[in-house]
Amino acid sequence: MDKSILLIDDDTELAALLGDYLSPQGYKLTLAHTGKQGLALATSGQHFDVILLDVMLPELDGFEVLKQLRQTHLTPVLMLTAKGDDFDRIFGLELGADDYLPKPFNPRELSARIKAIVRRMELLSVTCQQQQLQIDKLHLDPSTQKASLSGIELELTGTEFGMLHLLMANTGKLVTKQDLSEKVLGRKLSAFDRSIDMHVSNLRRKLASIADQERIRTIRGAGYMLVEIR
Amino acid sequence: MKSRWWLKLNPLNSLFGRIFLWFWLTALIMIIATGWTSRQLAEQSSYAPAEAAQVKKLHQMGAKLQELAEKRNIDEAGLARWLKGIGMRSRVGLLLLNQQNDTYIRGFPGDERFNIQPFLSLKEQTGMIQVESLFWQFTGPLPVTLGNQQYLLFSGRHRPPGMLGQIMEHPYLLASLVLGLSGSLCMLLAWSLIRPIGQLKQATQAMAAGNLHSRADQVAHRHDEVGQLGREFNHMADKLQALVDSQKRILADISHELRSPLARLQVAIGIAQQREQQVIPELARIEHEANRIDTMLEHVLTLAKLDAGQQKLVKRRISLDELLAPLCQDIQFEAKAKQRRFECNYPQQKILDIDARLVSSALENVLRNALRYCVSRVSLDCIQQGERLQIRIIDDGPGLPEDELQAVFKPFYRVSSARNRESGGTGLGLAIAAGAIASHGGRIWAENLPQGGLQVTMELDSLEP
């Protein structure tokens, strides 16, 4: 079955080319050329497996679209950031993007990233049969893709859910950044890639908003560890 | 420089010296001329008929003296004491002129070089007369006989010179005072004229050193001609800065604009590769070149940001091991593929407070460069120099001509001997490295080693331990 992708980019020519490039690989592209249009489509109830979101958009820019989208939807978002602008990247991840790719990019890299996100989502649905996890007041149910703390449901993106799942499955043990990157983001950790840290810090913030306890510990230079709180 | 301040006084090559010396010379001539004239005036004396009151007083004094002299036998020293005593009590100055040997005894203080000349000419005078000059006024002469000696007595007022006059009596003190006072005033004048020029010079030097924000604001608010010059300088600096900025911006803007077509090109190449069943070798080459443009654009944009100081530093504490381990791994891998040796030695515990990504890319660029030009081996080591950490990257390649050691850190600079595309790279790697290190307040430099090869040193602040 074709995966559906929403591409929000004001470069119409590039969007058309990407459609041509991705459709033979089994993706069905829906195009939007303004932020407003894209946001409307993304929140219309139509299902998208991945949203490709350009940062530089007229009127409503990519960050604003992401911010508004995240209030209601947890659809995986791959940000297309401007090359040479590190700040964009970090800001995008802070707002809850699942991954980023500096533009211009090698299209093979793009399809690899999309594939990783799609595979992750599939993996999450395959784990339906997996058992539910309960670490003190933290509850995670792979079948419904829902996690809750003290009975209050957490609004997690797919990436954040994947990270929490991996950390909870290894409670009390070190989970390296390499593991997190490969198993959750679906790619090898590159030097000084801070996306793992950004996702973990988002996860921490969401947990802290319900109960302010340090559940996820940083092991400097190595990775993270989820600890049980008694 | 400071020990040679006196060079400033050389009028041949210093405007300061010229102004100072000319004004000083003029001032000294004026002072000496005035002093000489006033002294001439002071020494002139004039004669006038005596006033009755003064004559009466003179006679009283004479009688008193004679009375005293008859009572006691006296010598000259005693006479001087008496004169002083009587003079003090009656508030007059007394002067005794010895008629035989032209010596005089006086009863008033001050003035060692009292000019007796006007009195000597009164020796033959019979009637009373008043003689006066700038500093004194006397009435006389009254002949008196004191202990076998014939004297002429004069009485009158002697106005001792004021402090200024006293100083004028000491030639060395006077000379040093005149020289010091006029000298410092002239110095002040010359300095006030020259100072704005010095400030203008500093602003110009700063601009020549590359600081385009340098302005001569201290000079520009003056209302005189130097102030006009300062304003013109600022105007010129504004224009120059705008021009340079626009030049820099053009490069960044072009790179920005090139990104969209490049993105399309890359996707188009991807489509072509997908569609063609048999492999077209040129397609791979096209893709390779597109990737090269991609890298170059990224470098230009990074450099433009570093140049404009817009790069936001995301600093955090990081150990040297965290910074270098992944990098050394990558380079080790590349070195192996090229059959070169790579050694990496560093103290693991050192902590740095840096933007790890920027510094890492700087190190990577320098390491890649070393790997490109080395013959058999590249090494990286670290030494602590006071509070700063030096990371040194050494290769055994041909090194660089001495005059190109600094120029290699300029954008698009290619060393003359290696001006071939074969070496690859965008020509921006070292410029980016230099920009990244500079944005951390560090230094980067290259030097040839005596045993051959090039050493590039990066110096950064380190936190203990």
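Two strands count as paired if DSSP finds at least two bridges between them, and strands (E, at least two residues) and helices (H or I, at least four) are DSSP runs, numbered from the N terminus. Everything here is a predicted model, where local features need pLDDT of at least 70 and side-chain atom pairs count only at pLDDT 80 or more, while totals for chains, interfaces and linings use all residues. Residues are numbered from 1 along each chain as its sequence is written, with chains lettered from A and ligands numbered from 1 in the order in which they are written.

**View 1. β11(B) pairs with β10(B) and with β13(B).** Seven bridges hold β11(B) against β13 (residues 454-461) of chain B, antiparallel; look for R388(B) opposite D461(B). Strand β10 (residues 377-385) of chain B also runs antiparallel to β11 (residues 388-395), over eight bridges, and here C382(B) sits opposite I391(B). Two residues separate the strands of this β10(B)-β11(B) hairpin, and G386(B) takes a positive phi near 65°.

**View 2. α8(B) bends by about 30° at R259(B).** The bend is the angle between axes fitted to the seven residues ending at a residue and the seven starting there. P261(B), a proline, follows within four residues. R259(B) is among the buried residues of α8(B), as are G230(B) and L262(B); buried means 20 or more other C-beta atoms within 10 Å of a residue's own, with C-beta atoms placed from the backbone.

**View 3. Chain B meets chain A through 26 residues of chain B and 21 of chain A.** Contact means C-beta atoms, placed from the backbone, within 7 Å. On the chain B side, α8 (225-275), α9 (281-307), α10 (320-337) and α11 (356-373) each supply at least two residues, and α8(B) gives the most, with 11.

**View 4. Three strands of chain A form an open sheet in the order β10-β12-β11, with antiparallel pairing.** At the edges are β10 (174-176) and β11 (216-219), each pairing on one side only. Four bridges link β11(A) to β12 (residues 223-226) of chain A, with T218(A) partnering Y224(A). Helix α6 (residues 158-169) of chain A lies across β10, β11 and β12, at about 65° to β12(A). Axes are lines fitted to C-alpha atoms, for helices over the stretch in contact, and angles run from 0 to 180 degrees between N-to-C directions.

Notes:
Contact = placed C-beta atoms within 7 Å. Buried ≥ 20, exposed ≤ 12 C-beta atoms within 10 Å, placed from the backbone.
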